[in-house]
Amino acid sequence: MTGKENRRITDMGTLKALAHPLRLKLYRALYLERVATASRLAELVDEAVSLVSYHLRKLAEHGLIEEAEPQSADGRERWWRPASDGVSIHDEDFRDAPEKVAAHKSASRLFFEQRSELYHRHLDERAHWGREWNRASVDSEYLSRLTSAELAELGRELHVLMSKYVDKGRAAEAAGDTEGRENVALHLYGFPFRP
């Protein structure tokens with residue numbers, strides 16, 4: 001990873017660039033790989049290398065990914081990495097015009113759909129993960145009565161906690177501790193509702 005801070009997306013062009021189904025999958029795959037070629041990413045998302053290359057260039061045009069130092073002697077390979085340690089998108093940055101509201105809502109729905117697909121795939125494959133991973137997997141719902149300030153505080157605390165585990169896993173891998181490590185997704189949603 002680049003060691004750069006989380007990037008806050010505030011413009012429509014960048015939001016639309018990321019809110020494309022294949023680009024979002026590519027961004028997620030590159031985030032996990034940290035450094036990869038279009039060929040490797042094409043394998044991961046099961047798409048043609050030429051199509052993947054096109055969409056990687058679009059992500060790069062908006063500063064979401066960037067070229068990385070070559071990881072092999074093959075000069076024909078172009079290596080990519082995320083341009084930041086992640087991205088964040090906030091409703092408040094897209095409220096000032098109806099088209100921005102619509103774009104933010106559409107992007108948020110796509111993000112949720114892809115996360116939901118990932119979880120559905122996990123449910124379908126659960127039997128193949130074995131006892132340890134099934135015991136460790138989390139599926140919970142917490143309902144509480146909070147103020148908006150308390151919800152914001154909770155979100156910040158969860159972000160700090162998750163960042164601790166991301167850093168811990170990366171440090172262990174960098175030290176060669178890869179035994180038993182898998183990609184893990186943790187999806188959190190905190191929002192008000194009325195029954």
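This is a predicted model: local features need pLDDT of at least 70, side-chain atom pairs count only at pLDDT 80 or more; totals for chains, interfaces and linings use all residues.
**View 1. Strand β4 pairs with β2 and β3.** Strand β4 (residues 79-82) runs antiparallel to strand β2 (residues 36-37), and 2 bridges join them. Strand β3 (residues 65-67) also pairs with β4 in the antiparallel sense, over 3 bridges. Trp80 of β4 is the bridge partner of Ala36. Trp80 is also the bridge partner of Glu67.

**View 2. Arg78 and Glu67 meet in a salt bridge.** The N to O distance is 3.0 Å. Arg78 lies in the loop between β3 and β4, and Glu67 in strand β3, 11 residues apart. Arg78 counts as partly exposed because its relative accessibility is 38%. Glu67 is partly exposed too, with a relative accessible area of 48%.

**View 3. Arg8, Glu92 and Asp93 form a network of salt bridges.** In the Arg8 and Glu92 salt bridge, the closest N and O atoms are 2.7 Å apart. Arg8 sits in strand β1 (residues 7-9) and Glu92 in the loop between β5 (87-89) and α5 (98-125), so the pair ties together parts that are 84 residues apart in sequence. Arg8 is partly exposed, at 37% relative accessibility. The whole structure holds 12 salt bridges.

View 4. Leu188 is found in the segment after α7 (148-174). Leu188 counts as exposed because its relative accessibility is 51%, and exposed means over 50%.

Definitions and conventions. Residues are numbered from 1 along each chain as its sequence is written. Side-chain values use heavy atoms; hydrogens and water are left out. Helices (H or I, at least four residues) and strands (E, at least two) are DSSP runs, numbered from the N terminus. Buried means under 20% relative accessible area, exposed over 50%, partly exposed in between (1.4 Å probe, protein chains only). Two strands pair if DSSP finds at least two bridges between them. A salt bridge is a side-chain nitrogen of Lys or Arg within 4 Å of a carboxyl oxygen of Asp or Glu.
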